[in-house]
Structure formats: structure tokens, C-alpha cells
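Please walk through this structure with its cavities in view.

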Amino acid sequence: MPTISRRAESLGTENAFVVLAEVNALARQGKDIISFCIGQPDFPAPEHVQEAAIRAIRGGKHGYTPSAGIDELREAAAKYLASKRGGLPIRPQDVVVGAGAKPFIAYAILSATDYGAGDEVIYPNPGFPIYESQIAAHGAKPVPIHLHEKRNFSFDPGELERLITPRTKLLILNYPHNPTGGCLSRQDLEQIAAVLKKHPQVWVYADEIYSRLAYQGEFFSIAQVPGLYERTIISDGASKTWAMTGWRIGFTSNPALAPVFTRWITNTDSCASQISQWAAVEAINGPQDAAEMMKSSFLERRDLIVRLLNEVPGVKCQVPGGAFYVWPNVTEACRMVGAADSEEFRKRLLNDAGVAVLADIHFGARVPGEGQHVRFSYAASKQAIEAGVQRMADFIRKNTRKAA
């Protein structure tokens with residue numbers, strides 16, 4: 001039997017889908033599960049976007065497109081990215097369309113580092129698990145920068161200064177942030193930029209897929225800081241803003257790397273779905289009522305789940321600035337129910353109370369001194385939020401009595 005490569009065997013995964021498989025297995029057994037584990041809007045794509053896809057199908061738009069995407073979408077995305085980021089000089093030729101935003105994580109790492117050369121990539125921890133997985137898979141060294149609860153889940157720019165070495169080739173930033181919902185303020189980004197200006201060899205991958213789900217003032221990109229635009233890879237897409245996760249449309253902008261990313265797409269996916277691309281043109285250029293409605297609904301749900309979680313024994317939950325995640329501290333709750341850590345707490349919560357969440361270790365190594373956390377995705381109905389948090393509170397109360 002031929003062997004599997006070490007690279008393939010060590011490849012990480014996105015644990016939200018692993019837990020989802022557990023949830024589905026329990027559901028097939030007839031168990032009632034309230035799930036908060038998957039980060040995707042629970043709304044359909046806007047109707048006018050669906051109609052645009054139907055028109056594309058009926059209009060025979062079934063074939064390959066240029067690897068960088070159809071001209072109409074590159075133009076729409078360039079105007080959109082620029083308008084949401086202070087009028088940056090983004091041109092259509094600077095934009096590349098992919099099958100979701102996720103592939104550009106790999107393309108950025110592949111374009112900034114050389115395999116086995118000792119090149120380093122700094123990424124947020126906790127963070128989207130695909131960052132670390134892809135860094136390692138492509139032969140670079142993953143260097144985590146820790147996010148701290150006392151800083152509203154941002155990092156100390158001084159720590160970034162200490163982590164950068166001559167081998168650092170890429171810094172990954174994600175704001176609003178998965179899994180904590182934390183945001184980087186304009187002041188944060190200006191301080192980060194001040195550090196980066198001392199290290200001109202470092203590219204920046206700005207994962208801004210939740211840019212339209214920032215709740216505290218106007219979104220600000222690090223690419224807007226003077227001197228950072230040319231070295232910043234701006235990554236956004238249709239998935240979160242327009243509830244188009246399964247349509248697989250992302251778009252990324254950088255004037256120097258756009259031709260490089262285009263070649264990566266030619267070598268991998270050929271192109272994104274033409275049908276989805278025409279739908280994305282309509283999503284960007286068409287009415288924004290549905291997108292604003294979804295954002296308003298997520299904000300209401302955020303306020304609801306934060307209030308309810310802070311009423312649960314042993315739980316403390318900060319108010320996140322964006323996305324649709326909360327990252328409550330369950331250190332005391334773990335102690336109360338006798339759980340060794342957040343992963344044991346998560347498993348017991350799922351099997352005993354029928355509530356599915358993700359543990360902090362699903363998003364990287366636990367940050368020293370930060371305690372235990374779990375992630376809720378509040379892309380769920382208000383009824384599910386109320387019922388799920390109540391089950392969690394009942395579980396803690398019931399098991400605290402047993403422990404006593």
C-alpha cells in the first residue's frame with residue numbers, strides 16, 4: 001500500500017465541521033441539539049441575487065471564465081472595496097476573484113514564503129484554524145501572536161515587534177475576528193503599521209471577510225494607513241455579507257500580487273463558478289436592504305446572547321465588536337461542574353444538555369494565562385439563543401449540585 005505524505009497526514013482541519021458531524025450523528029439518533037458551532041448566516045441569499053443566478057443559468061453562462069474572474073465582477077468588487085475603505089485606489093486589474101475567500105490564505109502564503117526556507121508567518125491566536133494549518137502545509141513556520149481578553153481580544157503591538165525577525169514574510173490580521181468577534185480599532189492598526197514600517201520585507205494579509213459586520217463605527221482597514229496599501233492583501237467576499245457561503249465567491253486585491261494569484265487559480269481551480277460570479281455582481285451592485293437587515297438582526301442577537309450569557313453561573317462574556325461570534329470565559333463554569341478544561345466542558349454540554357459549541361482549542365493552542373473559553377456563533381434564531389443558553393445554565397446548576 002503506498003504511503004501518505006507527511007504533509008497530508010499533518011494537515012489540520014476546521015473543527016467546526018468536525019463538531020457538526022458529531023451534532024448530525026446525535027441528531028440521527030433522535031437527540032434534540034441546539035447548535036451554535038457553524039459560522040454562517042442563517043438567512044437565504046437575497047432574492048435579487050438568486051434571480052441573477054437563474055438569469056445566468058438560463059442565459060447560458062455555464063463555461064469557464066478568465067482565472068481572475070469576469071470583468072464585470074472585478075470592476076464591481078474594485079469599486080466596492082475602495083468605497084468601503086476610504087477611497088483606496090483599487091483598480092479592477094488589482095482584484096482577483098476566487099472560489100471563496102479561503103483559497104487566498106494559501107495563495108498569500110505560497111506567494112510570500114518559500115518551502116523549507118525557514119520563512120515565518122505571524123498569525124492571530126486564537127484564530128481561524130486554517131491559518132496555522134496552511135502555513136505549516138506550505139513549509140513555512142507558524143508564529144502565533146496571542147490575543148488577550150483584557151485588550152478586547154487584540155494583541156500588544158510591542159509583542160508584534162518582538163516576534164518579527166528577518167525571516168518574517170507575512171503577517172495575517174483578521175478583523176472583525178473569528179472566533180472572538182474582536183475588532184482592531186484605527187488606533188490599533190496605526191500602531192501595528194508603525195511597527196511594520198520598520199520591517200519592509202513583511203506582507204500583510206488583511207482578512208476582512210466580516211468587514212460589513214463591524215458594529216462600532218465605520219470599518220477601517222490597515223490598507224488605509226499611509227504606506228501600507230501596496231503591501232496589504234485585502235481579502236473580502238460575498239459569503240458573510242450577503243449570506244452566500246455556499247456560492248463560493250471571494251475577492252482579493254493587491255496591485256503587485258494580483259497576477260500571481262491569478263496564476264495560482266489557473267493552477268488550482270481554473271476559475272470560480274461563472275453562475276456565482278454573476279450573482280455576486282448583483283449582490284454588490286444591487287439593493288443592499290437585505291444585507292443591512294441581516295446586520296441589524298445580528299446586532300440584536302449579539303446583545304441578546306451577551307446579556308443572557310452574563311446571567312449564567314460561572315460565565316463572563318465581553319461584548320464583541322463585530323462578526324457573529326461571542327467568546328465567553330467559562331473558567332469558573334468548568335470549575336463548578338468539575339470539567340478539566342473547555343473541551344471537556346464542551347463535550348458534556350453537547351451530550352448532557354444538547355448544546356453544541358466549539359472549545360478554544362479548536363482555534364489554536366490555549367493562550368497562557370487567559371483561562372478557558374468557548375465559541376458561540378449567534379447566527380441562530382433568538383428562540384434558539386434563549387433556549388440554548390438556558391440549557392447551558394441548567395446544565396451548570398445541575399452539575400454544580402452534583403459536585404457539591
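Three cavities of 30 Å³ or more are found in the structure. A cavity is a set of points on a 1 Å grid over the protein atoms alone where a 1.4 Å probe fits but cannot get out, and lining residues have an atom within 4 Å of a point. Volume is the space filled by probe spheres set on the points, which are joined across faces, edges and corners. This is a predicted model: local features need pLDDT of at least 70, side-chain atom pairs pLDDT 80 or more, while totals for chains, interfaces and linings use all residues. Numbering runs from 1 along each chain as its sequence is written, and side-chain values use heavy atoms, without hydrogens or water.

The largest cavity has a volume of about 100 Å³. Its lining includes Pro126, Trp327, Asp360, Arg366 and His373. By class, that lining holds six nonpolar, three polar and three charged residues. Here Ala, Val, Leu, Ile, Met, Phe, Trp, Tyr, Cys and Pro count as nonpolar, Asp, Glu, Lys and Arg as charged, and the others, Gly among them, as polar.

The second largest cavity has a volume of about 80 Å³. Of its 13 lining residues, Leu147, Phe153, Asn174, His177 and Leu184 are the closest to the centre. The lining divides into nine nonpolar, four polar and no charged residues.

Now turn to helix H13, residues 342–353. Helices are DSSP runs (H or I, at least four residues), numbered from the N terminus. Buried residues (under 20% relative accessible area, 1.4 Å probe, protein chains only) in H13 include Phe345, Leu349 and Ala353. Asp341 caps the N-terminal end, with a side-chain oxygen 3.2 Å from the backbone nitrogen of Glu343. Gly354 follows H13, and its phi is positive, near 70°.

Terms used
Buried means under 20% relative accessible area, exposed over 50%, partly exposed in between (1.4 Å probe, protein chains only). Helices (H or I, at least four residues) and strands (E, at least two) are DSSP runs, numbered from the N terminus. A polar contact is a pair of N or O atoms within 3.5 Å; within protein, one must be able to donate a hydrogen and the other to accept it, and residues adjacent in sequence count only if both atoms are side-chain atoms. On a 1 Å grid over the protein atoms alone, a cavity is a set of points where a 1.4 Å probe fits but cannot get out, and a pocket is an open set with protein on both sides within 12 Å along at least five of seven lines; lining residues have an atom within 4 Å of a point.
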